[in-house]
Amino acid sequence: MCFLCFLRHSELLSLIFCSLMMNFKIEILIANENHVAYVPTILQTIENAAKVRGTGIAKRTPEYLEQKIREGKAVVAFMNNEFAGFCYIESWGNKQYVVNSGLIVVDKFRGQGLARKIKEKSFELSRKKYPEAKLFGLTSGSAVMKINTDLGYVPVTFDELTDDEAFWRGCQGCINYDILQRTNRRYCICTGMLYDPKKDKF
Ligand SMILES: CC(C)(COP(=O)(O)OP(=O)(O)OC[C@H]1O[C@@H](n2cnc3c(N)ncnc32)[C@H](O)[C@@H]1OP(=O)(O)O)[C@@H](O)C(=O)NCCC(=O)NCCS
């Protein structure tokens with residue numbers, strides 16, 4: 001009788017699962033000039049996801065993303081050497097505020113904790129580059145809300161966020177922009193979330 005015959009069905013399945021996982025290489029990297037070639041793929045993936053969500057999109061040019069990558073202000077993820085996800089950091093209000101923007105995970109790699117890993121790396125990078133800055137985000141997605149909460153962000157009203165006009169102009173591509181305008185930038189569909197290093201309880 002062979003070895004496999006001694007194993008119960010569930011044990012056999014977990015053995016197969018473990019060996020598959022061991023062969024699965026996940027890389028979460030601070031992007032560098034070698035990753036500039038992925039810019040068109042990143043932009044296309046973001047655009048496709050925005051169409052599916054129907055929310056509109058903050059316009060980013062290839063040059064802008066390329067600059068972020070070259071400045072070491074972006075995080076890129078690979079699964080078995082295949083592009084899997086991305087995020088970059090931007091500073092606002094004279095570097096008093098930092099936002100992790102453009103988070104995207106390729107469809108087929110979703111639901112495996114990749115966004116969480118990318119956000120953790122982006123958070124770490126933001127804290128290192130701008131240790132005094134407050135980190136914030138605007139989101140209507142529950143995945144990002146969960147991840148942000150675990151990183152120490154708390155929900156806030158918009159008056160606690162940056163008053164940098166250039167940041168708010170980024171909302172113009174969103175289908176809900178009229179709400180933001182009507183409420184004098186006080187409320188919208190998105191939840192504002194803020195991480196204040198001075199109030200970090202972790
Ligand atoms: C949002 C997105 C980045 C999530 O990527 P992902 O790799 O699937 O997320 P993760 O697997 O790391 O999940 C993180 C957490 O969110 C939860 N989650 C993931 N997708 C979710 C969804 N659609 N609805 C509710 N919760 C979700 C997961 O269960 C997990 O929570 P847990 O750790 O408590 O179990 C991905 O769906 C995406 O790229 N969407 C399109 C672009 C987008 O919406 N970007 C965010 C702009 S604010």
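**View 1. Helices α3 and α4 are oblique to each other in this predicted model.** Helix α3 covers residues 39–53 and helix α4 covers residues 62–70. Their axes lie 10 Å apart, and the helices pack at an angle of about 120 degrees. Angles of 65 to 115 degrees count as roughly perpendicular and those over 145 as roughly antiparallel, so a value between these two ranges is oblique. The crossing of α3 and α4 is right-handed. On the α3 side, the contact is made by V39, P40, I42 and L43. These meet P62, L65 and E66 of α4. Sorted by class, the residues of this contact are six nonpolar and one charged, with no polar residue.

**View 2. Helices α5 and α6 cross at roughly 45 degrees.** The axes of α5 and α6 come within 10 Å. Angles under 35 degrees count as roughly parallel and 65 to 115 as roughly perpendicular; α5 and α6 are therefore oblique to each other. The crossing of α5 past α6 is right-handed. From α5, the residues A115, R116, K119 and F123 take part in the contact. Their partners in α6 are A143, I147 and L151. The contact of α5 with α6 holds five nonpolar and two charged residues, and no polar ones.

**View 3. A shell of 18 residues surrounds the ligand.** The closest residues are A49, R110, A115, R116 and A143. Two or more residues of the shell come from each of β4 (97–105), α5 (114–129) and α6 (142–151). Helix α6 gives the most, with five residues. By class, the shell consists of nine nonpolar, six polar and three charged residues. A115, R116 and A143, listed here among the closest to the ligand, also belong to the contact between α5 and α6.

**View 4. Seven strands form an open sheet with mixed pairing.** The strand order is β1-β2-β3-β4-β5-β7-β6. At the edges are β1 (26–30) and β6 (154–156), each of which pairs on one side only. From one strand to the next, the twist averages 25 degrees. Strand β4, which contributes to the shell around the ligand, stands between β3 and β5 in the strand order.

Terms used:
Residues numbered from 1 in each chain as written. Predicted model: local features only at pLDDT ≥ 70, side-chain atom pairs only at ≥ 80, totals over all residues. Near = placed C-beta within 6 Å. Helix = DSSP H or I, 4+ residues; strand = E, 2+ residues; numbered from the N terminus. Nonpolar A, V, L, I, M, F, W, Y, C, P; charged D, E, K, R; others polar. Axes fitted to C-alpha atoms, helices over the stretch in contact; angles between N-to-C directions. Left-handed = near helix turned anticlockwise from the far one by under 90°. Contact = placed C-beta atoms within 7 Å. Pairing = 2+ DSSP bridges.
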